[in-house]
Amino acid sequence: QRDVTAILAYAVQACHAYVPPEEVYGILKTIAHNFVTERCSGEQMAVGINAVRAICARVPSVLSGEDEDETNGADDDDVREKSTSWDVEAFVRD
């Protein structure tokens, strides 16, 4: 558990334009299901959102997948910490 941020950083660094979007989508889905849920702390969600945002910045074609309607529509009222709220806003803007 202490190396989670390093592993997520490695995953981000491994993503580039030549990686198939289907492969990257699987990584994004796993990160979202394990880090961006209501059972996670605000700090864990911030780490997950930052990793997702960084991966999407490196492989923007992953955002045009067929499962786009599978997003978790969290409102600002549901966010427990400001850092998570700011991360979500930055993710949406990018």
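Which helix does Pro 21 lie in? Pro 21 lies in helix H2, and we'll come back to it below. What you're looking at is a predicted model. The protein chain has 4 helices and 0 strands, so let's walk through how some of those helices meet, using the under-20% cut-off for "buried" where we need it.

**The overall picture**

- Reading from the N terminus, the elements of the protein chain go α-α-α-α.
- The protein chain has 94 residues, and 28% of them count as buried.
- Take the contacts in the protein chain between residues at least 6 apart in sequence: 75% of these join residues at least 24 apart.

**The nonpolar core**

- Here's a handy idea to keep in mind: in soluble globular proteins, nonpolar side chains tend to be buried together.
- In this model, the largest nonpolar core has 14 residues.
- Val 24, Leu 28, Ile 31, Ile 55 and Val 62 have the most contacts inside that core.
- Where does the core get its residues?

**How H2 meets H3**

- H2 and H3 pack with their axes 9 Å apart, at an angle of about 165°.
- Because that angle is over 145 degrees, H2 counts as roughly antiparallel to H3.
- The crossing of H2 and H3 is left-handed.
- By class, the contact of H2 with H3 has 10 nonpolar, 2 polar and no charged residues.
- On the H2 side, the residues are Val 24, Ile 27, Leu 28, Ile 31 and Phe 35.
- On the H3 side, they meet Gln 44, Met 45, Gly 48, Ala 51, Val 52, Ile 55 and Cys 56.

**How H1 meets H3**

- H1 and H3 pack at an angle of about 15°, and their axes are 9 Å apart.
- That angle is under 35 degrees, so H1 is roughly parallel to H3.
- This crossing, of H1 and H3, is right-handed.
- Sorted by class, the contact of H1 with H3 has 6 nonpolar, 2 polar and 1 charged residues.
- H1 brings Thr 5, Leu 8, Val 12 and Gln 13 to the meeting, while H3 brings Val 47, Ala 51, Ala 54, Ile 55 and Arg 58.

- Met 45 sits in helix H3, which covers residues 42-58.
- Is Met 45 buried or exposed? Its relative accessibility is 10%, and buried means under 20%, so Met 45 counts as buried.
- Met 45 is 11 residues from Asn 34 in sequence, and their C-alpha atoms are 8.9 Å apart in space.
- Pro 21, over in H2, has a relative accessible area of 27%. Because that falls between the 20% and 50% cut-offs, Pro 21 is partly exposed.
- Which residues does Pro 21 touch, not counting those up to four places away in sequence? The answer is Ser 61 and Val 62.
- Pro 21 and Cys 56 are 35 residues apart along the chain, with 10.0 Å separating their C-alpha atoms.

Note on methods. Residues numbered from 1 in each chain as written. Predicted model: local features only at pLDDT ≥ 70, side-chain atom pairs only at ≥ 80, totals over all residues. Heavy atoms only, no water. Helix = DSSP H or I, 4+ residues; strand = E, 2+ residues; numbered from the N terminus. Buried < 20%, exposed > 50% of the residue type's maximum accessible area, 1.4 Å probe, protein only. Core = buried A, V, L, I, M, F, W, Y, C linked by side-chain atoms within 4.5 Å. Axes fitted to C-alpha atoms, helices over the stretch in contact; angles between N-to-C directions. Parallel < 35°, antiparallel > 145°, perpendicular 65-115°, else oblique. Left-handed = near helix turned anticlockwise from the far one by under 90°. Contact = heavy atoms within 4.5 Å. Nonpolar A, V, L, I, M, F, W, Y, C, P; charged D, E, K, R; others polar.
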